[in-house]
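Open the model in your viewer and keep the sequence panel beside it. The stops below say what to select and what to look for there.

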Amino acid sequence: MTIYISTACPAPSPSLSVWLAVVMSLLSVAAFIYYIHHVAQSIRAVVILTRIGKEARASLEQMYPEGLGEDTEEAHTQRPQGHPSLVIPSAGNSGVLVAVDEQQLLTCAQEARITLALVPMMGDFVPHGSPLFEVWGDGACLNAKHLQEALQIAPERTIHQDTAFGFRQLVDIAERALSPGINDPTTAVQAIDQLHDLLRRMVRQRFPAPARRDETGALRMICPRPSWDSYVRLALDEVRQYGEGSIQVTRRLRSLLEDLLQVAPAFRREELERQLALLEARSAIRRGEQPPDTLGRVRGPAAGAPRRSAEGSPRPSTH
């Protein structure tokens, strides 16, 4: 009788593979739920507004690092008298001015012993062939290529050196929220909250002068910058206009202005008082009342005169 002995191993148990598959499936479901939750949270208005406000604050700290101090006369420096001896046009692709290497421009102006003025402001659109620099003095030794290399032109604005772009984004969100199709004053108020924080930080900062001089005191470079008044008008003018029918928005704007007036130094109060007078005038008109000489005061001495906004383009005062 023949006896056969089987040497085959028993079939492995599938329990380990099954449990591993179950665990991986649960982890995949958990990751998917977290992803959906994260996406849903990241597109909330308050999250977007907070992110824009954080980026604008970082830009503000970089571009306006000095503490409280009265703006010097250099902040109102005008271009030299007479027509420029040379105008250097943009030779590259059209786009938005997003970065300026001021030190390189100053070095070029010092080496050529000329006065150099940058025509566009940060955030301005620069068409091909438009004036980029104005030169006073003998520009024969000036290297136009080095000048253009000191500028960065991009398809769209960035917030890195353009603090006003952060204001612009917040104002745009507030305007969309106040449009008749959306009618969401709460989101507009959240945007005003971020604008309030930015203005409160900026109200006690000293703005860098647009003019740069060499060791001898000779004017070598002018780089246009938005003023405090320009930032205030950018932050409030359009929001006040779009939200004049909203009690919630009007109340929040009044609170913003009254708070800023409490902490603003004397040389920063004029535009804030003008904005508050405008707000009160519009409120009185909506109530059918006659504002007592308010409109005459808010127009001020520069009524109707074109002013350059924080975004760079000339714009009239808002009445």
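A residue is called buried if its relative accessible area is under 20%, exposed if over 50%, and partly exposed in between, using a 1.4 Å probe and protein chains only. Helices (H or I, at least four residues) and strands (E, at least two) are DSSP runs, numbered from the N terminus. The model is predicted: local features need pLDDT of at least 70, side-chain atom pairs count only at pLDDT 80 or more, and totals for chains, interfaces and linings use all residues. Residues are numbered from 1 along each chain as its sequence is written, and side-chain values use heavy atoms, with hydrogens and water left out.

**The whole protein**

Show everything as a cartoon: there are 10 helices and 10 strands. Of the 319 residues, 43% count as buried.

**Helix α5**

Select residues 163-177, which form α5. Its 15 residues reach 22 Å from the first C-alpha to the last, close to the 21 Å expected at 1.5 Å a residue; the expected span is 1.5 Å times one less than the number of residues.

Now pick Phe167. Leaving out residues up to four places away in sequence, Phe167 touches Leu195, Leu198, Leu199, Met202, Tyr231, Leu234 and Ala235; a contact means heavy atoms within 4.5 Å.

**The nonpolar cores**

A nonpolar core is a set of buried Ala, Val, Leu, Ile, Met, Phe, Trp, Tyr and Cys residues joined through side-chain atoms within 4.5 Å. The largest has 44 residues, and Phe167, Leu199, Met202, Trp228, Val249 and Leu272 touch the most other members. Colour α2, α5, α6, α7, α8 and α9 to see the elements that give two or more residues to this core. Apart from it lies another core of 22 residues, including Leu118, Leu132, Val135 and Met221.

**The sheet**

Which strands form the open sheet, and in what order? There are 5, running β1-β5-β3-β8-β7, with mixed pairing. Two strands pair if DSSP finds at least two bridges between them. β1 (86-89) and β7 (211-213) each have a single partner strand, so one side of each is left without a neighbour in the sheet. From one strand to the next, the twist averages 20°.

Zoom in on β7 and β8 (219-222), which pair in the antiparallel sense over 3 bridges. Here Arg213 has Leu219 of β8 as its bridge partner. Axes are lines fitted to C-alpha atoms, for helices over the stretch in contact, and angles run from 0 to 180 degrees between N-to-C directions.

**Two loop residues**

Select Arg113, in the loop between α3 and β3. At 62% relative accessibility, Arg113 counts as exposed. Last, go to Gln205, in the loop between α6 and β7. Gln205 counts as buried because its relative accessibility is 16%.
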